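Hello,

Here is the structure I said I would pass on. Please open it first, then read my notes below.

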Amino acid sequence: MDMYDEFGNYVGPELDDDSDGGSGEDQDEDDAWMDQAEREADARNAEGAGAMDVEEEEDNPETAIVLAEDKKYYPSAEEVYGEGTETLVMDEDAQPLEEPIIAPLKTKRVEVRDANAPVMRVSEEYVLGMLSNPNLTRNVAVCGHLHHGKTSFMDMVVEQTHLVSTEGRDPERQMRYMDNRQDEQDREVSIKATPLTVAMPASSGKHLLFNFMDTPGHVNFSDEVTASLRLADAVLLVVDAVEGVMCVTERVIKHAARDRLPIVVFVNKMDRLILELKLPPADAFHKIRHVLEEVNAVIEAAYGGGEDCPFADPAKGTVCFGSALYGWSFTLESFARLYAERRGVEMDTKRFAKKLWGDWYFHADARAFRKKPPPGGGDRSFAQFVLEPLYKVYAQAVGEHPASFAAVLAEFNVKLKPKEYKLNVKPLVRLACRKIFGDAAGVAEALKAHCPTAREGASAKVAAAYSGPTGVESRAVASMRACDPSGPLRVMVAKLYPKDDCSAFDALARVMSGTIRAGQTVRVLGEAYSPDDEEDCAVATVSALWVYQTRYRIPVTHASAGAWVLLEGVDASVSKTATIVEEFSADREDAHAFRPLRFDNQSVVKIATEPLNPSDLPKMVEGLRAINKSYPAAVTKVEESGEHTILGTGEMFLDSVMKDLRELYSEVEVKVADPVVTFAETVVETSSLKCFAETPNKKNKLTMIAEPLDKGLARDIENGAVDLAWPKKRLGDFFQNKYDWDILAARSVWAFGPDAFGANVLLDDTLPGEVDKALLGAVKDSVVQGFQWGTREGPLCDEPIRDVKFKLLDAVVADAPAARGGGQMIPTARRAAYSAFLLASPRLMEPVFAVEIQTPADCMSAVYNVLSKRRGHVVADAPKPGTPVYTVKALLPAIESFGFETDLRFHTQGQAFGLSYFDHWAVVPGDPLDRSIVLRPLEPSPAQHLAREFMVKTRRRKGMSEDVSVNKFFDDALLVELAEQEAT
């Protein structure tokens, strides 16, 4: 029988019978094997319940199917290196070759910290004990021009007061101890003001405590000088004996005069007269006297003369002479004592010192000083008794004749060891001069005699910086003037220093009254704080206190009145300066803040920043906040277009800011746009018609005109020469006497704008018979707010308005208070001011820099050429007496100053050096609203087209339309009236 059909299907008998040809034993084995496999599969399924895939174990792994991606060719890292090994798998070309796969740890270096900081010659306990006595403390700011030797002078102080190790240090190289930032060391220019508290011995042997502040000499960092003068009671003015009075010297004197601070002059680099200029002693005397006459001329102009004018007079002890590089200094009195000690003669050293300066001659035959020279001729006493011995020491040291050098030193009873004569010239002169003339003790003596103590200087500091009423003797004011450590707490924060990780800032402050302690909870009053508006106020805990010693810190538990101290934990709400008071006190309502810093330089140079990676924007914004705290004059803001801008005083300032932003505060790559400058808007004529604006509810109407402000008034307002807080009579007398205003106008000044020191004036010129003065007074605050808003952002290109006087001629005010609210009046006052401004021939103003250039005579033509190409012009040029150098003073528009210093060095082969700083505002030539001017790309515009070009480009950069929209600022009725006037 066929078992299969034609299709191959089985059609035979059933398989469970014996006819299938298989044995029953084999069948049983197959059934058992199948049952076992089913049981094992069920067990595996039970163990792996919830798993997505369950792989069955194969009895024979060789026949198991393995996918290509599951094949294992090499042992794993755990098998090779053991458990716990982290494995990083990188795709090819995922990182650039310059970037390591595992990046090293980054350590920020804000400050140079010595592993073994120098140790003070007196104990820390001794210094801290003196710190609590304001009668022994003197607060001094060390100021001067760039490279005149301020930091070198501080090196001299450090070497006198500390045990400085010379191991591993080149004796020919300056220590630059106060330049504690890495970029300061690299540039060899001070960027930040740094404090140092030292106990210095005076000539009597008694120690005095000095809080010194070493300030930058570069004019771009004059904001650091402003912050330093806020803390100091006196100024040590360092002047180069060769260069004399330079631009920063003059600016420092004017700044000190504003706060009425006494000045002691240190004539530095006396060695240059000997080694560089090679002047004979008689000529050197005339050179030094000329330098002091220049200084006194500036002091007299700034202080106004009088008995309290701090003239630089060597005979009175307000002038020190020395060389910080070689480590010696003296005053005439210390030099007179030197003669008395070395010669063993008893004499009146003070009287002798007075004869060592001026036109005094020594007559040897009569052994007397007289005004006339001796019959055979002779040098003045200063040249004979001071300069000639100095010249001898330098000449013999440079001459390298040990025997003759030893003979000169013997005249001063000074002996050197034989091995010391083998030193190089510079260390040898340094050693000999310090043994003869002394180190910084002469300067300490002058500061002791002519600088007030912390207690004596407190009264002037309160008058200059405190914003509260000082005429009314409150308990807080009396305590500050008396420097009372048990009075109410008042601490003046002037500057912020970043921590090592740049995550926070420590605040350098002067305790004015009371005692501040570590762990104390205090109130931090911001710059905008007032008893009426307590919004700018925060509560903080002082977590630590230190005495800041530049490269190391001395921790303290408390600091009392008169001390400088570094505070931790109070910086969160501080932007520039602040005032610290007790958290809870009986005189809480009497708490006033100290005034914000007023800089003598304006931040007019602007750059726009943006992160390379857009996701890094929050980091950059955080970095900009830190920049705002670190640099007193830096201004950071967000434009309406969304770009983040930084305003600074100059190119070097912004270069330092960007370095800190990239490397310290944000640590992201930042793109920077080409620098530009801020502009201002002004008018040159009176408004062509009375401009009015109505409120949206049509119930109020304001009429204004605009006209140019009196020449010089804007500068007086900005410098604080006039203040609206004065009584009305005093304010009226000021305007009447100085600017010939009539008495009504003088007493109707409502406000300055855009702030209390803004260069615009709002006058109430309404008549009582035409306007209800009571209703007008009700809306005065709203009108002032609108005026200040308008002057903050002008209509031409959203830049501030300046030098404009706005007169309110008429006002229609609704009777109902609800109809004359701020929402109605403020925008209306702004619109009225804008329309009056636009009808008064508006113009654009640009900042102008004053430039001071030092150059040899043969480079003068190149200097003139570089200036003329940049719209600059020379104001004065004159030779520096006694030197081969010319000083050129010029004016240069700030927008043309970018790259000027590099251009100047290139065209003079590096022989000319210039410094530029803000001087004044000037009107840009041309009419910015002249639409007939065609601006062609890539072509320089003629002078008369510049105003239009600057306005259009500024508006484009800010995302505004190219032209000013008249409809935006003019009411319809005013437009009709304007059209009718044009038609006639």
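Start with helix 3 (residues 124-131), whose buried residues are Val127, Met130 and Leu131. Buried means under 20% relative accessible area, with a 1.4 Å probe and protein chains only. These three cover an arc of only 105° around the axis, so they sit on the same side of helix 3. The arc is taken from the directions from the helix axis to the C-beta atoms. The buried residues pack against several strands, including strand 2 (137-144) and strand 4 (194-201). Helices (H or I, at least four residues) and strands (E, at least two) are DSSP runs, numbered from the N terminus.

A word on the source. This is a predicted model, where local features need pLDDT of at least 70 and side-chain atom pairs count only at pLDDT 80 or more, while totals for chains, interfaces and linings use all residues. Residues are numbered from 1 along each chain as its sequence is written, and side-chain values use heavy atoms, leaving out hydrogens and water.

Next, a helix pair. Helix 12 (residues 381-399) and helix 14 (residues 425-437) pack at about 150°, with axes 10 Å apart. Axes are lines fitted to C-alpha atoms, for helices over the stretch in contact, and angles run from 0 to 180 degrees between N-to-C directions. The two helices are therefore roughly antiparallel, a term for angles over 145 degrees. Among the residues that meet are Leu390 and Tyr394 of helix 12 and Val429 and Phe437 of helix 14. Contact means heavy atoms within 4.5 Å.

Best wishes

Notes: Buried means under 20% relative accessible area, exposed over 50%, partly exposed in between (1.4 Å probe, protein chains only). Angles under 35 degrees count as roughly parallel, over 145 as roughly antiparallel, 65 to 115 as roughly perpendicular and the rest as oblique.
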